[in-house]
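Trainee: Before we start, please show me the sequence and the model.
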Amino acid sequence: MVDAVLEADRDDRAAAAVAAVAGGVYFMLALGLFEQMGAALVWQKLVAGLAGLPVPAPSEKALRDLRRRIGAAPLRALFEVLAVPLARPSTPGVRYRRWRTVAFDGCASLRVPDREANRGWFGRLKVRFGVAGYPSLMLMTLAETGTRGLLGAIFGPSATGERAYAMRLAPLLGPDMLLLADRGLDGNDLLEAVTQTGAQFLVRGRTDRRPPVLARLRDGSYLTRIAGLKLRAIEADITVTGTDGTFVTSTYRLLTTLTDPHTDPAATLVALYHERWEIESAYYALRHTLLHGRVLRSKDPAGIEQEMWALLALYQALRHAMVTAVETMPGTDPDRASFTTALAAARDTVTAVVGVLPTSDTGRITTAVLTSLLPPRRPRFSARTVKSGISRYHTWNAGNRPLASTNIPNIAIIIGQGAPTQPHDDDTPATYPPGPTIVLAIMQATPEHSWRARDLARRSAARNPSTPSVPGWRNGPAKDSSPRPAPQPTRSHPRP
């Protein structure tokens with residue numbers, strides 16, 4: 001595949017020049033495989049299985065010069081060839097009805113060396129005690145949730161924002177896709193861009209939206225109109241209970257182009273939205289399994305661009321191998337393939353020259369993946385904190401989640417409790433169900449809980465008729481706008 005990409009961009013270069021560029025591409029991919037090693041040691045790993053052949057032993061400077069000569073274009077072209085849907089339509093977990101489920105999200109935890117050139121491009125990330133020690137790179141991808149493979153990627157400064165990057169990736173969507181996205185990606189311009197591609201979407205809406213109710217549907221959802229698009233809004237209370245007795249509640253507002261409650265029930269779509277988190281698992285594999293949480297190597301923006309395209313191409317090639325292996329066992333979900341196992345097998349493949357010499361075994365990665373399949377996925381939850389002492393979120397746990405990963409035996413979903421009970425627009429106050437009805441619905445959804453009055457009051461506060469400004473959302477008590485008397489000055493007495 002590397003040879004084919006270079007041949008397409010060969011122009012008038014000599015065959016020797018093309019071969020040298022191919023060697024540079026292989027070297028860049030090996031840098032990603034052996035992230036913890038220096039350039040010279042990586043080269044030794046790359047040629048470890050070629051003993052007895054006339055293989056050069058370049059210096060560190062020669063390897064740096066090689067990187068400069070090949071640039072980023074061949075690595076980007078290689079990634080674009082690899083960035084395609086990986087799974088067959090019949091593979092479990094990759095489709096909802098006739099649509100392939102995909103997801104947008106950004107990753108801002110990639111760090112680059114703290115050099116002046118990098119700071120000029122990426123800037124510095126603000127933290128609790130000032131700024132972070134390393135500039136931060138924002139990676140935005142479109143991922144296939146069933147396989148965690150990438151369909152497109154873009155990266156740059158974090159200050160640009162996820163939505164701007166998502167707008168540039170939106171043309172990669174197609175009529176056979178269903179997009180899942182978080183509430184930061186529910187802007188009108190992005191929803192319009194997604195709709196123009198013919199793709200469907202299921203996006204979490206921000207709490208400050210007040211969509212008009214055009215028609216109430218049988219499953220508790222309602223039709224609405226946003227940015228000229230006829231959409232369906234689903235408002236749901238979700239209670240997740242752990243095996244240790246802890247529980248977390250949250251209110252979701254989902255916006256979707258799937259408007260028929262008969263073919264797409266609200267509860268089914270709420271459960272489907274959970275697939276959006278598969279892109280976070282893709283970032284975990286890239287950021288922690290492949291990179292071991294390390295800072296990138298390159299000390300200038302040109303090198304960072306080259307290194308990132310090489311890492312993305314390597315990641316996608318591993319996902320190709322994993323999906324190919326899993327699909328040899330019909331009915332196996334790609335979730336069960338271990339990225340760590342595939343990465344270790346790929347490293348062994350390089351050092352042992354497997355698949356290069358004619359007598360080599362070509363099935364090492366497939367065999368390793370199939371013999372180390374993970375058990376079926378089980379629902380779990382834990383505290384969402386950042387493992388960094390300088391982060392403002394290193395001890396943040398607003399939902400009182402368990403600190404350790406905890407299995408989830410029960411998930412209760414209440415549809416339509418937070419929505420207004422009659423059609424209205426932004427200028428017409430909404431009506432709300434009576435308080436006792438809400439409390440009974442909350443208690444009936446999780447009958448195994450011994451609810452405390454404080455918890456019921458907290459959950460019912462979102463339905464308080466005294467706060468009609470945003471229907472069904474936790475706005476707090478209404479503020480008293482009546483004029484208050486000016487405070488009188490107090491007399492200060494001298495200390496005896």
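Mentor: R204 lies over the face of Y252, at 3.7 Å from the ring centre; a charge sits over a ring if NZ of Lys or CZ of Arg is within 6 Å of the ring centre and within 35 degrees of the ring normal. This is a predicted model, where local features need pLDDT of at least 70 and side-chain atom pairs count only at pLDDT 80 or more, while totals for chains, interfaces and linings use all residues. Residues are numbered from 1 along each chain as its sequence is written, and side-chain values use heavy atoms, with hydrogens and water left out.

Trainee: Which residue of strand 12 stands opposite L202?

Mentor: Strand 12 (residues 247–256) runs antiparallel to strand 8, joined by 3 bridges; two strands pair if DSSP finds at least two bridges between them. The residue opposite L202 is T256.

Trainee: Which residue of strand 8 stands opposite L178?

Mentor: Strand 7 (residues 177–181) pairs with strand 8 in the parallel sense over 4 bridges. L178 stands opposite Q200.

Trainee: Over which ring does the charged end of R276 sit?

Mentor: The distance from the charged end of R276 to the ring centre is 4.4 Å. The ring belongs to W277.

Methods
Helix = DSSP H or I, 4+ residues; strand = E, 2+ residues; numbered from the N terminus.
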